Amino acid sequence: MENAPALVVAIAFLICWIGCWLPLVTILGILLNWQPTKFLQPEQKIPLLVSLYLLAPLVLWGVSSLVNRSFLDYGFVVNLSIVKSLAIGFGLGVLSLAVVFIGEFGLGWCSFENSNLKLVLPILLPIFSIALFVGGIEELIFRGFFLTELLQDYPVRLAAIISSLIFAVLHLVWEQRETAPQLPGLWLMGMVLVLARFADGGNLGLAWGLHAGWVWAIATIDTAELITYTGKVSDWFTGKNKKPLAGLAGIICLLGTGIMIWFLSKYF
């Protein structure tokens with residue numbers, strides 16, 4: 001399998017990953033009373049997501065050994081530099097969203113629910129842990145494994161486009177109706193995270209931090225219901241279904257972050 005085409009390796013990983021997850025998701029689905037045709041509640045989604053992502057490194061280790069590569073080849077290094085890049089990325093992710101929401105406040109597109117601030121403190125650490133976990137696993141898979149394998153057969157731009165497309169489409173596994181309007185934003189997010197990996201010298205630290213920062217900020221805002229949209233503009237500006245990636249604001253956030261990474265790359 002060492003000389004197999006990149007897409008064959010990628011498909012083999014996905015088949016093994018989903019195949020190993022199906023028995024678990026069947027059991028969890030019964031225990032959680034989940035029906036695939038119905039909307040996932042947070043208390044149902046988190047156990048399903050965690051079980052899927054816990055399997056990923058094990059399956060990835062097996063597939064990577066067949067193609068004679070290691071997690072180091074995928075940009076996952078364990079040293080102080082990745083901690084530094086992770087912190088910078090996290091801060092940049094939170095800052096970029098803060099700028100967007102401040103702009104929306106100023107334009108009167110949304111308002112801040114001060115009364116819900118008391119809900120934030122108890123959820124900060126749990127959401128941070130989930131964001132760090134989800135961001136790390138997704139970066140290892142999409143900007144690590146998929147991108148690295150695709151670079152064996154394709155030029156950089158095409159490999160980035162394909163890996164970002166896979167990243168976006170696979171999000172449809174969870175909630176198709178809410179995710180579909182986010183597909184362009186998710187693809188662009190993948191491209192920005194590819195840029196972050198290259199800016200960080202091929203390591204995943206900066207991309208991981210960015211991803212975790214975005215997940216943490218959005219999940220905290222949504223869980224504590226800190227933002228209320230005023231309806232002054234179409235939700236294609238603020239985000240369909242209250243999802244920033246499904247609107248112009250989210251696209252601007254991603255483009256702005258990409259530009260910042262481009263200029264900051266010389267410092268990594």
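Student: Which residues of α7 does α5 meet?
Tutor: Keep in mind that this is a predicted model. On the α5 side, the residues in contact are Val156, Ala160, Ile161, Ser163, Ser164, Leu165, Phe167, Ala168 and Val169. Their partners in α7 are Leu183, Leu186, Trp187, Met189, Gly190, Met191, Val194 and Phe198.

Student: How many nonpolar residues does the contact of α5 with α7 have?
Tutor: Let's sort that contact by class. No charged residues take part, and 3 are polar. The nonpolar residues in the contact of α5 with α7 number 14.

Student: How are α5 and α7 oriented to each other?
Tutor: Two packed helices are described by the angle between their axes and the distance between the axes. Here α5 covers residues 156–170 and α7 covers residues 183–199, and their axes come within 8 Å. The axes cross at roughly 135 degrees. Angles over 145 would count as roughly antiparallel and 65 to 115 as roughly perpendicular, so α5 and α7 are oblique.

Student: Is the crossing of α5 and α7 left-handed or right-handed?
Tutor: Picture the α5 and α7 axes crossing at roughly 135 degrees. The handedness of that crossing is right-handed.

Student: How is α4 placed relative to α7?
Tutor: The axes of α4 and α7 come within 11 Å. They cross at roughly 75 degrees. Since 65 to 115 degrees is the range for this class, α4 and α7 are roughly perpendicular.

Student: Which residues of α7 make the contact with α4?
Tutor: From α4, the contact uses Glu139, Arg143, Gly144, Leu147 and Thr148. The α7 residues are Gly190, Leu193, Val194, Arg197 and Phe198.

Student: Is Ile141 buried or exposed?
Tutor: Ile141 is found in helix α4, residues 120–150. Beyond its neighbours within four places in sequence, Ile141 is in contact with Phe13, Trp17, Ala56 and Phe146. Its relative accessible area is 1%. The cut-off is under 20%, so Ile141 is buried.

Student: How far apart in space are Ile141 and Ile218?
Tutor: In sequence, 77 residues separate Ile141 and Ile218. In space, going from C-alpha to C-alpha, the distance is 22 Å.

Student: How many disulfides does the structure hold?
Tutor: A disulfide needs two cysteine sulfur atoms within 2.5 Å. For Cys16, the closest cysteine sulfur is in Cys20, 6.4 Å away, which is too far for a bond. Cys110 is in no disulfide either, with the nearest cysteine sulfur, in Cys253, 13 Å away. The number of disulfides in the structure is 0.

Student: Is Cys110 buried or exposed?
Tutor: We need its relative accessibility, and for Cys110 that is 5%. Anything under 20% falls in one class, so Cys110 is buried.

Student: What class of exposure does Lys242 have?
Tutor: Lys242 is found in the loop between α9 and α10, and its phi is near 60 degrees, a positive value in a residue other than glycine. Asn241, in that loop, also has phi near 60 degrees and counts as partly exposed at 39% relative accessibility. The relative accessible area of Lys242 is 59%. Because the cut-off is over 50%, Lys242 is exposed.

Conventions
Residues are numbered from 1 along each chain as its sequence is written. This is a predicted model: local features need pLDDT of at least 70, side-chain atom pairs count only at pLDDT 80 or more; totals for chains, interfaces and linings use all residues. Side-chain values use heavy atoms; hydrogens and water are left out. Buried means under 20% relative accessible area, exposed over 50%, partly exposed in between (1.4 Å probe, protein chains only). Axes are lines fitted to C-alpha atoms, for helices over the stretch in contact, and angles run from 0 to 180 degrees between N-to-C directions. Helices (H or I, at least four residues) and strands (E, at least two) are DSSP runs, numbered from the N terminus. Angles under 35 degrees count as roughly parallel, over 145 as roughly antiparallel, 65 to 115 as roughly perpendicular and the rest as oblique. A crossing is left-handed if the near helix is turned anticlockwise from the far one by less than a right angle, and right-handed if clockwise. Contact means heavy atoms within 4.5 Å. Ala, Val, Leu, Ile, Met, Phe, Trp, Tyr, Cys and Pro count as nonpolar, Asp, Glu, Lys and Arg as charged, and the others, Gly among them, as polar.
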